[in-house]
Amino acid sequence: MSLTVAAAKQAEKLRIDGNSYFKKDRFGAAIDAYTEAITLCPDVPIYWTNRAVCHRKRNDWTRVEEDCRRAIQLDHNSIKAHHMLGLALLQREDYTEGVKELEKALDLERGASPKGYKVEEIWQDLARARYLLWEHESTKRSWDLQNLKETCMAALKEKHFLDTSQVEGFVDENIQSNLEQLEALNGVFNKAAEDDIPTDVPDYLCCKITLDIFRDPVITPSGLTYERAVILDHLHKVGNFDPVRPEPLYSSQLVPNLAIKEAARAFLETHGWAYKTD
């Protein structure tokens, strides 16, 4: 037996040992086993992602990021690595890159197992990441708008003061004009801030069962639209009928509602607060 084959067999045994330790919550021992496996066979992505899972359990996000980046170098399509890297980036408040990694993980998972439970798990993490990104950017926009508004207000008041001091008569008209300009300025800034003020999501963009905004809407023969995973779960667990209208319904009759899907996507694009899932 060659040294390479022997090393690979030993590394695989260490991976199995690491898995056993992990199941017993012995994360330190698991890390040691995976580290030995990596030393023997550093080009196997799963050894790196398995060790990253252990670091995640210990909230050691720096090492999670390091191991996931190495795993991605070895396998660009590692769902687990992109998912955990996204979570690690959120921990250090790199929301933009975190969202990108989670989007990549979700795309890969949908391609590999569109109905798998991981799709929902990754989506929930992505929704949280997008909400955090919106919250971060919204706070910055709010400060920038407030500072700009105060600067504009001060400039307008200074202009009014100069106008009234230099022109005799028509004082009342100048005061009225100034008030109108201040009111118009307020309106402009209030309008600019509207998209960042949470309101209600339009009913037509929400599933009738969960009341949450659509992600993957499907339409039934009766014309009602539901979230795909939710209606499929209903048909599987409750029965082959429409939950709102007492009509027979089968999964083969569901058709993607692309118009509503695009409308929901566009709404979320400009109303990031709607990503909040709790």
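Select helix 4 and colour its buried residues: Trp 61, Val 64, Glu 65, Asp 67, Cys 68, Ala 71 and Ile 72. Buried here means under 20% relative accessible area, exposed means over 50%, and partly exposed is in between, using a 1.4 Å probe and protein chains only. An α-helix has 3.6 residues a turn, so residues three or four places apart point the same way.

Before going further, a word on the ground rules. This is a predicted model, where local features need pLDDT of at least 70 and side-chain atom pairs count only at pLDDT 80 or more, while totals for chains, interfaces and linings use all residues. Residues are numbered from 1 along each chain as its sequence is written, and side-chain values use heavy atoms, leaving out hydrogens and water.

Stay on helix 4 and check its length: 14 residues, reaching 20 Å from the first C-alpha to the last, close to the expected 20 Å. That expected span is 1.5 Å times one less than the number of residues. Helices are DSSP runs of H or I with at least four residues, strands are E runs of at least two, and both are numbered from the N terminus.

Show side chains for the contact, meaning heavy atoms within 4.5 Å. Helix 4 brings Trp 61, Val 64, Glu 65, Cys 68, Arg 69, Ala 71 and Ile 72.

Next, hop back to Asn 59, in the loop between helix 3 (45-57) and helix 4. Its phi is near 60 degrees, positive in a residue other than glycine. Is Asn 59 buried or exposed? Asn 59 is exposed, at 56% relative accessibility.

For another such spot, pick Asp 25, in the loop between helix 1 (3-23) and helix 2 (27-40). Phi of Asp 25 is near 65 degrees, again a positive value in a residue other than glycine. Asp 25 is exposed too, with a relative accessible area of 56%.

Finally, zoom out. The chain has 10 helices and three strands, and buried residues make up 37% of its 278 residues.
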